[in-house]
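This report is meant to be read alongside the sequence and the coordinates. Please look through both before going on.

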Amino acid sequence: MSTNSIQLAHGGGGLEMNKLIRNLFFKAFDNCILRNEEDAALLNLQGPTAFTTDSFTVSPLFFAGGDIGKLAIAGTVNDLAMMGAEPQYLSLGVIIEEGFPMASLETIVASMASELKKCGAKIVCGDTKVVPKGCADGLFLNTTGVGRIVKPGLSAKRLMPGDAILVSGDIGRHGAAILMAREGLELESGLVSDCATLWGAVEQLLVHPFDIHAMRDATRGGLSAVLNEWAAASDVMIEVDEAAVPVSDEVKGLCELYGFEATDLANEGTFVMALPAAQADGALEVLKRFGHCENAVIIGRVGESPAGRVILHTPWGSNRYLDLPAGELLPRIC
């Protein structure tokens with residue numbers, strides 16, 4: 001049997017599967033809970049806990065700035081962080097297509113292990129399935145995470161008139177990087193996805209007494225989706241200064257080429273935050289000095305009317321509604 005690619009036997013529960021799990025997954029994710037090899041991980045949870053799950057089908061599996069493994073860890077950890085929770089434990093479900101290169105799987109697992117070290121979370125249970133060739137597109141992942149709530153009360157329903165809206169960095173990089181990879185574009189600029197774990201930056205914010213009302217990572221649907229969901233959930237109006245929204249020249253160029261809006265493109269390492277305007281400058285300083293968010297900026301504010309709408313103030317002095325993205329711009333971006 002070839003050891004260069006995944007075979008059906010690697011998911012059959014026998015010798016080959018045992019070797020794969022021990023020599024690859026256990027070795028990369030080693031910890032005392034995983035090492036127990038029980039049917040379920042035994043956890044000691046104390047106090048309020050956040051719980052999230054996500055599946056990853058990104059295409060291509062490897063892209064500038066990351067791969068499906070890094071994306072899976074960052075995506076789940078970031079969902080916990082946005083609720084003010086310290087990431088603690090993750091599960092990992094792996095669906096592999098027969099014939100998938102073993103070297104690619106090893107690279108993806110190593111990427112996951114590297115990203116886990118950045119936040120301190122552990123993979124404590126998992127499952128591996130192998131499906132016949134043609135029944136899956138290479139590799140699919142599912143990760144579920146739990147984390148201890150450090151700052152309770154964060155919610156899309158808590159925005160208030162007078163809040164400032166901050167973004168932690170320039171937007172649209174992940175969606176643009178996936179588009180570039182699919183189209184085979186080679187840019188001299190070196191555009192890469194913003195895919196990254198956000199807990200380090202969030203942790204720095206939470207040790208300060210900021211009255212943060214809401215945080216959300218701007219993934220599918222981008223900045224537009226986050227702001228519209230917040231406006232609807234809190235029954236408020238959100239104003240955005242278009243000129244203040246940070247967009248790199250590379251992303252602007254791709255948007256012009258394909259007719260996209262940067263505010264609609266996905267991000268995987270950029271988050272949006274709402275907090276009282278009087279605290280906005282302090283939060284910015286923390287993000288820039290300690291959170292490695294050098295491009296963090298205030299982009300707007302929360303008002304009252306028209307409730308449920310997002311208004312974009314353009315550099316030319318006109319206004320327009322920033323609506324939820326319609327249709328599927330880029331399928332399988334995460």
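The model shown here is a predicted one, and its protein chain is divided into domain 1, covering residues 8-149, and domain 2, covering residues 163-321. The C-alpha centres of domain 1 and domain 2 lie 28 Å apart, and the contact between them takes 21 residues from domain 1 and 21 residues from domain 2. The size of an interface is often given as the accessible area lost when the parts come together. Here domain 1 and domain 2 bury about 1700 Å² between them, with 66% of that area on carbon and sulfur atoms. On the side of domain 1, the residues that lose the most area to domain 2 are Ala64, Asn78 and Met82, which together account for 33% of what that side buries.

For residues 38-149, an unreviewed UniProt entry lists "domain: PurM-like N-terminal". Over this stretch the chain is 27% helix and 41% strand, while the C-alpha atoms at the ends are 27 Å apart.

An open sheet is formed by 7 strands in the order β8-β10-β7-β11-β9-β12-β13, with mixed pairing. Its edge strands are β8 and β13, each of which pairs on one side only, and neighbouring strands of the sheet are turned against each other by 25 degrees on average, direction ignored. Helix α9, residues 280-290, packs on this sheet, where the helix touches β7, β10 and β11, and the direction of α9 makes about 145 degrees with that of β10. The elements named so far can be located with the table below.

| Element | Residues |
|---|---|
| Strand β7 | residues 163-167 |
| Strand β8 | residues 214-217 |
| Strand β10 | residues 271-276 |
| Strand β11 | residues 297-303 |
| Strand β13 | residues 319-321 |

The loop between α8, residues 249-258, and β10 holds Thr263. Is Thr263 buried or exposed? The relative accessibility of Thr263 is 12%, and because buried means under 20% relative accessible area, Thr263 counts as buried. Leaving aside neighbours within four places in sequence, Thr263 is in contact with Ile171, Gly221, Gly222, Leu223, Ser224 and Leu322.

Note on methods
Residues numbered from 1 in each chain as written. Predicted model: local features only at pLDDT ≥ 70, side-chain atom pairs only at ≥ 80, totals over all residues. Heavy atoms only, no water. Pairing = 2+ DSSP bridges. Helix = DSSP H or I, 4+ residues; strand = E, 2+ residues; numbered from the N terminus. Axes fitted to C-alpha atoms, helices over the stretch in contact; angles between N-to-C directions. Contact = heavy atoms within 4.5 Å. UniProt positions renumbered as here; feature names shortened; annotations may be inferred. Buried < 20%, exposed > 50% of the residue type's maximum accessible area, 1.4 Å probe, protein only. Domains from an automatic or database assignment. Buried area = accessible area lost by both parts, 1.4 Å probe.
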